[in-house]
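Student: I'm new to this one. Could you walk me through how to read it?

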Amino acid sequence: MGKYLLSIFLILLGFALLESAVLSNIIFLPVIPDFLLICVIYYSFQHGKTIGETSGFMSGLFIDFLSGCPFGLNCLLRTVIGYVCGFFNRTFAMEGFLVPAALSLVATIFKVLLTQIISLFYPSVVNSYHIFSLDFGFELLMNTLFAPVIVKFLGFFDDLFPLQEKL
Amino acid sequence: MPGKKRTSFHCGLAEFLFIIFFLFSGTMLAFSSKSFVINFSQIGFSIMTTMQSGIHAVVSKASDTVNAVKETSRLRRENEILMEKLKNYEYMQRSNAEIRKENERLKKLLDFSVQQEQKNYPAQIIGRDVDSLYSVITVNKGSINGIRKNLPVIAIQDGNTGIVGKVINVGRTTSQIMPVYNNHCSISARIQNTRDIGLVTGTGSYNTPLIMQYIRKRVLEELHYGDVVVSSGENDNYIQDIPIGTISKITVVDYDSSLNIELESAIDFSRLETVIIVDRKEPNERSEN
C-alpha cells in the first residue's frame, strides 16, 4: 500500500511538473490538458474511494502550489472528485478508447460544476469557467482525447507496481 | 463474516480520510487570502517551483542539445556545399542577422537595467499557470536574489517599456508574478494626454483586452483610440508613467457616469520571455547616474 501510494505520488508529481514546466510554456495551447484529473479518475475507478481521494488530494496539493489559485481549492475539488468517483470502483472497465474518454469527459464537467459550487462560498477568490466558454470546450476536448493514452500509461505502471493490499 | 468486517473497516477508512482531506483543504482555502502562522502555500510553492525550475532547465538543456545536434549536422552539410561551391553565404548572413537582433534586444535590456535609478533584477519566465482559470507567471528569481512580495514587474519589447504585473509569491529561487491581465490585478492609471485617473483591471486572459474604469464621461471628446494609458504611481505599488496599454475601444453606457474603456496591453504576453523586477526602495548599484 505504502509503495503503491509512493508510486502514485511520483506519477502525479511528474505530471504536475510536465504541465507546469513544459506544457504551460507552449503558448499556442489555449488551455493545458488536465492530466492530473485523468490520473485521479483512473485511480478512483480502479482502486476505490481511499486511493481515489488520496490521489485527488495529492494532485490538488501540487496544483495549488504551482498555480495562482487560492491554496486549498484544488485539494478540496479533487478530493471530492476522487471520493465520488471511488463509489463507482470497478463499475467500468478502464480499457480501450471510449470508456476512459467518456469518464474523463464526465469528470471534467463534474469538476467545473463543483468549482461553481465552491465559488458560491468563496466568491471573491474562486474563479469558475463559463460552461459554454471556448476555454472550457478546449479543456473538455483535450481531456477526453488524452484520457485513453494516460489510462494506458497508468495501466502499464499498475502492472509494474501492483497494489498488494486491496482496499 | 470476516469479509463483512473488512468491508466496514475499509469504508470507515475512506470516510475518515475524506473528512481529514476535506477539512484540511477547506481550512487552507479559508486562510489562503489571509496570512496564517505557517504559510503552507509558500513552503510548497518554494519546493515545487524549485523542481519546476530544475525540470525547465533540463528540458531547455535537452532541447538545446537536440537543436545543437540538428544544427551541427545541418551546418556540416552546408559547410560541404560551401566548400564545394564557395558561394552560398545566405545561412551565415541569416545567422548574423539573428545574433544581431538578439544582441540588440539584450543590449536594450541591459541599457534599461543600467539606466534605471532603482535596483532591478532581470528574470526569465520559466512557467505559466497550469490552471487556465488563473493567470500567474513563474520566473527564475527568488528571495536569494533579493526579490520581495509586491515588487513591480516591467518588460521591454521592441524598445518600449510596459508594465507586466507585480510579484505575489516569493520562493527561494523562483517567484510568481500576477500579470496585468489577471482579473484580481488592479492598477491605478492615468490617460497620458488628459491626465485623467482611473483603475485598470485584467479580464483573465492575455488575449482579451484590459478594462479601464472610473473615467468620467465629460472627457469623452478628448479621448482617441491609441491614446496611451500609464501607471499613476499613486498607490505606491508601481513606478509612475510606465505604459500599461493603449485605448482600443470606448463604450458609453447610459446608466453609468463613467466610461467603459478597453485597452490593448503594452506588452505582448505571448512573446514575453524576460522581465525586469524593480525594487523601488533600493538604489541601482549599476546605474551610470
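This is a predicted model: local features need pLDDT of at least 70, side-chain atom pairs count only at pLDDT 80 or more; totals for chains, interfaces and linings use all residues.

Tutor: Residues are numbered from 1 along each chain as its sequence is written, while chains are lettered from A and ligands numbered from 1 in the order in which they are written.

Student: Which domains does chain B have?

Tutor: Domain bounds come from an automatic or database domain assignment. Here that gives domain 1 (44-179 + 273-282) and domain 2 (186-265) of chain B. Their C-alpha centres lie 29 Å apart. Eleven residues from domain 1 and ten residues from domain 2 of chain B make the contact (C-beta atoms, placed from the backbone, within 7 Å).

Student: Which element gives the largest share of the domain 1 side?

Tutor: Helices (H or I, at least four residues) and strands (E, at least two) are DSSP runs, numbered from the N terminus. Strand 4 of chain B gives the largest share of that side, five residues. Strand 3 (152-157) and strand 12 (274-283) of chain B are also among the elements that give two or more.

Student: How do I read the barrel?

Tutor: Two strands pair if DSSP finds at least two bridges between them. In chain B, six strands close into a barrel in the order 6-7-8-11-10-9, with antiparallel pairing. As one case, strand 10 (residues 243-251) and strand 11 (residues 258-265) of chain B are joined by six bridges. Across that pair, B:Lys249 stands opposite B:Glu262.

Student: How many residues of chain B are in contact with chain A?

Tutor: 39 residues of chain B, and they meet 42 residues of chain A. Helix 1 of chain B gives the most to the chain B side, with twelve residues. By class, that side has 21 nonpolar, 15 polar and three charged residues. Ala, Val, Leu, Ile, Met, Phe, Trp, Tyr, Cys and Pro count as nonpolar, Asp, Glu, Lys and Arg as charged, and the others, Gly among them, as polar.

Student: Where is B:Glu234?

Tutor: Look in the loop between strand 9 (228-231) and strand 10 of chain B. B:Glu234 is partly exposed, because 13 other C-beta atoms lie within 10 Å; buried takes 20 or more, exposed 12 or fewer, and partly exposed is in between, with C-beta atoms placed from the backbone. B:Glu234 and B:Ala189 are 45 residues apart in sequence and 8.4 Å apart in space, C-alpha to C-alpha.

Notes:
Two residues are in contact if their C-beta atoms, placed from the backbone, lie within 7 Å.
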